[in-house]
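Student: I would like to learn how to read strands, helices and salt bridges in a model. Can we work through one together?

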Amino acid sequence: MKYGQFDDDKREYVILRPDTPIPWLNYLGTRDYIGLISNTAGGYSFYRDARLRRLIRYRYNDLPSGINGRYLYVRDEADGKYWSPTWQPTQTKLDNYRCRHGLGYTIIASSFREIEVEATYFIPPGEAIEVWSIRIVNHRTKVAELSLVGAIEFCLWDALDDATNFQRNLNIGEVEVDQCAIFHKTGYRERRDHFTFFACSEPTVGFDTQRDAFLGPYRGWDRPIGLERGKLADSHVAGCSPIGAHHVRLTLDPGEEERAVFLLGYHENRKTKFRDAEQQALYTEDALLKIAHYRTADVIDRALERLHVNWRETLSRLQVTTPVPDADRMLNTWTPYQCAVCFNVSRSASGFESGIGRGIGFRDANQDLLGYMHLSSDRARQRILDLASTQLESGGAYHQYQPLTRKGNDAIGGGFNDDPLWLILSTSAYLKETGAWSILDERVPYDGAEGSETSLYEHLTRAVEYTLTRLGPHGLPLIGRADWNDCLNLNSHTTDPDESFQTAVLRSDGTAESVFIAGLFCLVVPELVEIAKRRGDERAIRRFSEADSTMRCSIEAHGWDGRWYLRAYDAFGRKVGSHKNKEGQIYIEPQGICAMAGLGLADGRALTALDEVSKRLASEHGLLLLQPAYTRYDPALGEITSYPPGYKENGSIFCHTNPWIVISECRLGRGDRAWEVAMRINPAVREEMSKVHRCEPYVYAQTIVGRDGPDHGRARNSWLTGTASWMYVALTQWVLGIRPSYGGIEIDPCIPLRWDAYSVVRAFRGAVYNIRVENPDHVSRGVREVRVDGRAIVGSILPTFSDGATHNVQVTLRGEQ
Ligand code: BGC
Ligand code: NOJ
């Protein structure tokens with residue numbers, strides 16, 4: 001059963017009823033001002049940092065869910081009936097309802113009592129202003145006397161403090177009201193130089209800034225007293241909970257349409273802080289100019305058009321036409337869009353990430369870059385440098401940094417020994433995409449410390465040294481707190497229920513080793529060797545090639561379990577992920593990462609391991625992380641065994657790992673299998689079972705409950721997952737085989753046998769390639785011929801033109817003979 005449908009031409013997902021299984025979200029804004037918006041206009045906004053600069057208050061664990069956020073009411077003055085045209089919070093049964101989630105905007109339209117209301121939410125490119133543009137039409141045969149009220153609840157900046165520190169916060173709320181603008185200035189009297197404003201384009205007949213005055217005692221947003229009375233209280237907040245509410249009266253003739261705009265903005269006063277220091281009155285002139293600018297429908301429409309053009313241009317850098325529409329709509333629109341969202345907010349703010357828990361993850365951000373690189377290589381470059389500048393002198397890394405300060409921290413744990421290696425992967429992907437080798441010579445500090453700068457290249461070499469100085473008894477990398485699998489905590493052995501698995505003290509003699517990190521090492525170190533070759537760094541070439549070969553030997557000798565790769569050795573030297581274990585016999589991660597690194601390709605081990613993956617880990621809803629799932633808590637394994645069987649790291653379909661198998665199958669040349677694995681978790685394919693899947697059908701979720709859970713097939717933690725980036729890489733670079741390499745784009749498809757042909761338009765290093773791949777012999781892999789602008793080339797790497805022109809590339813496949 002579906003709740004909506006794709007509109008591919010408009011690049012929108014159209015939701016046809018408001019009561020989706022959970023609120024289905026979209027994101028507004030791409031840089032500093034970011035908003036999360038649900039299909040009923042719930043959600044919140046923040047400026048750069050979801051925790052420290054929260055603009056809209058959001059109540060977690062809210063009931064009914066999806067209530068909080070952007071409130072809009074229409075009141076029929078004839079009889080006082082009022083409703084929310086976005087359904088929440090009044091939940092009035094609307095005569096019709098549509099929500100269109102598009103790229104950086106959301107439109108919610110409904111009608112009730114022959115009054116049509118359409119609200120368009122977006123952020124004009126480059127601005128820190130959220131626009132709610134309202135169109136209201138009277139379809140009655142009589143004049144309609146209406147009220148329109150827009151409201152929000154301000155967050156007192158630090159979202160965690162806001163949700164907990166009432167003894168202080170109920171005393172500090174302050175606002176200023178200037179006609180149609182309400183300025184939220186809590187904290188401005190002391191150290192802040194920023195405020196939020198909530199403004200209305202139309203003359204208002206009333207306002208409120210004190211929550212209690214607007215809602216009335218013991219009432220919720222579903223029945224504000226102000227709406228019941230038809231009159232707001234013109235209240236000025238004193239401490240308590242500051243809100244912004246504007247009341248506009250409208251008289252609409254039959255068929256008449258009116259527009260009104262609400263603006264929610266963030267403003268920093270760089271020069272003048274107070275208009276009148278004596279009165280502590282805000283300097284609002286600059287903010288008022290912005291407000292005046294965005295008042296008119298014309299300006300708003302043009303800003304929205306600019307947003308559309310930006311996205312069209314950004315996405316045009318890679319567009320595909322395959323025989324499978326569900327693949328095309330994901331690859332052309334939704335997955336790169338999700339990659340951009342993950343790049344922007346990492347794992348900090350979503351319907352499942354509260355924005356107060358996690359900042360920008362080192363490992364996560366490096367992987368998110370892989371699918372983002374081609375969309376904006378400038379921003380990618382800056383992110384790589386930011387990440388590197390949080391790296392430690394030892395070559396190790398903090399697990400995350402807070403976006404506002406760009407300082408690494410240990411708030412969610414540290415000592416994840418895989419972390420630093422991911423920096424090599426993102427940097428090499430950047431070099432392959434751009435050919436901009438100068439990034440390697442950028443001077444980058446360690447831990448942000450002035451004077452500690454070295455080249456980025458040296459940062460990469462130190463990441464390798466970090467691993468090499470932390471090898472265990474089998475010559476495999478020590479795992480530290482955990483590796484990619486945050487929950488495989490082999491060195492903490494915690495039995496204290498009040499302790500977080502992620503920050504628990506580690507055994508100082510912890511010798512647990514990770515086969516995953518070993519595989520990751522063999523995936524990234526050859527890249528560094530390649531980079532060293534281009535720099536003529538003989539010492540590095542020698543040292544790192546040797547290290548890579550030695551690591552491969554260690555994996556072959558100690559990382560193979562007979563039919564698949566082992567997962568790890570625990571702190572007592574016991575095998576994890578072995579057929580000898582009772583539970584957790586086979587894990588997906590080492591099978592994927594090792595095959596991706598080319599291990600076992602020559603001797604058949606990769607083939608055996610991947611066959612075991614499809615035999616043991618395949619389910620109707622995707623590939624499981626491990627089997628059998630753990631049924632009891634084991635302190636030697638940590639958080640992974642804290643989850644009930646089938647959930648999260650304990651045997652769910654942890655989607656991030658599935659594209660690794662797609663790539664691995666491609667390395668084996670099995671195009672049909674690769675495709676099958678990818679399509680199992682494709683959200684658009686799963687749209688038909690939305691009732692089971694429950695999350696948005698246009699983006700990947702982190703997990704889908706595995707077959708050991710009672711609600712097998714149910715997705716959780718949508719939006720912020722490395723799945724988007726990896727699946728995008730897997731499908732565009734490995735299946736469709738349009739793969740950036742240091743020397744240019746390499747053509748190396750691995751497709752389903754039945755495909756006749758497909759095409760790809762790819763912008764790359766200053767030229768556009770119009771690529772058509774024909775498959776007359778119905779093979780999966782094997783390039784017979786590549787013609788560029790009509791001429792056959794030698795090999796399968798396209799020449800790099802950088803001439804701003806479009807070049808036609810004709811590829812014909814033929815099986816290996
Ligand atoms: C989750 C992991 C997550 C970690 C990060 C754990 O509870 O299961 O998926 O990466 O927390 O804090
Ligand atoms: C989510 C985390 O953000 C990511 O870094 C980690 O690799 C996975 N969970 C698996 O534990």
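Tutor: Start with one bridge pair: Val788 has Arg791 in strand E43 as its bridge partner. This is a predicted model.

Student: How many bridges hold E42 and E43 together, and in which sense do they pair?

Tutor: Two bridges join strand E42 (residues 783–788) to E43, and the pairing is antiparallel.

Student: What is the strand order of the sheet that holds them?

Tutor: The order is E22-E40-E41-E44-E42-E43. It is an open sheet of six strands with mixed pairing.

Student: Which strands stand at the edges of that sheet?

Tutor: Look for strands with a single partner. Here they are strand E22 (318–321) and strand E43 (791–792), so one side of each is left without a neighbour in the sheet.

Student: Now the open sheet of 10 strands. What is its order?

Tutor: Read E1-E2-E9-E10-E11-E12-E19-E16-E15-E14, with antiparallel pairing. Strand E1 (4–7) and strand E14 (175–178) are the edges. Each has a single partner strand, so one side of each lacks a neighbour in the sheet. On average, neighbouring strands of this sheet are turned by 15 degrees against each other, direction ignored.

Student: Which helix packs on this sheet, and which strands does the helix touch?

Tutor: Helix H6 (residues 297–315) does. The strands touched are E10 (105–112), E11 (115–122), E12 (129–138) and E19 (257–268). The direction of H6 makes about 55 degrees with that of E11.

Student: How do E2 and E9 pair?

Tutor: Strand E2 (residues 12–15) and strand E9 (residues 96–102) run antiparallel and are joined by three bridges. For a residue-level check, find Tyr13: His101 in E9 stands opposite.

Student: How do I read the two faces of a strand?

Tutor: In a regular strand, side chains alternate between the two faces of the sheet. Then ask whether each face is covered. In strand E15 (residues 181–184), Ala181 and Phe183 lie on one side, Ile182 and His184 on the other. All four are buried, and both faces are covered.

Student: What pairs with E15?

Tutor: E14 pairs with E15 in the antiparallel sense over four bridges. Asp178 has Ala181 in E15 as its bridge partner. Strand E16 (residues 194–200) also pairs antiparallel with E15, over four bridges. There, Phe183 faces Phe197 in E16.

Student: Let us turn to helices. How should I think about their sides?

Tutor: An α-helix has 3.6 residues a turn, so residues three or four places apart point the same way. Next, ask which residues are buried. In helix H14 (residues 588–596), nine of the nine are, so the helix is largely enclosed by the rest of the structure. Among them are Glu589, Gln591, Cys594 and Met596. After H14 comes Gly598, with a positive phi near 85 degrees.

Student: How many salt bridges does the structure hold?

Tutor: There are 68. For each, read the N-to-O distance, then the exposure of both partners. Glu353 and Arg358 form one, with the closest N and O atoms 2.8 Å apart. Glu353 is buried at 17% relative accessible area, whereas Arg358 is partly exposed at 23%. Buried means under 20%.

Student: Which parts of the chain does the bridge between Glu442 and Arg381 link?

Tutor: Their closest N and O atoms are 3.0 Å apart. Glu442 lies in the loop between helix H10 (421–434) and strand E26 (443–444), and Arg381 in helix H9 (residues 377–388). The two are 61 residues apart, in distant parts of the chain. Glu442 is partly exposed at 29%; Arg381 is buried at 17%.

Student: Where do Asp672 and Arg754 lie?

Tutor: Asp672 belongs to helix H17 (residues 671–680). Arg754 is in the loop between strand E39 (744–747) and strand E40 (757–764), 82 residues apart from Asp672. Their side chains meet in a salt bridge of 3.6 Å, N to O. Asp672 is partly exposed at 31%. Arg754 is exposed at 54%.

Student: Which residues are joined into one network by salt bridges that share partners?

Tutor: Trace Arg57, Arg59, Glu153, Asp162 and Arg211. Shared partners join these into one network.

Definitions and conventions: Residues numbered from 1 in each chain as written. Chains lettered and ligands numbered in written order. Predicted model: local features only at pLDDT ≥ 70, side-chain atom pairs only at ≥ 80, totals over all residues. Heavy atoms only, no water. Pairing = 2+ DSSP bridges. Axes fitted to C-alpha atoms, helices over the stretch in contact; angles between N-to-C directions. Contact = heavy atoms within 4.5 Å. Buried < 20%, exposed > 50% of the residue type's maximum accessible area, 1.4 Å probe, protein only. Salt bridge = Lys/Arg side-chain N within 4 Å of Asp/Glu carboxyl O.
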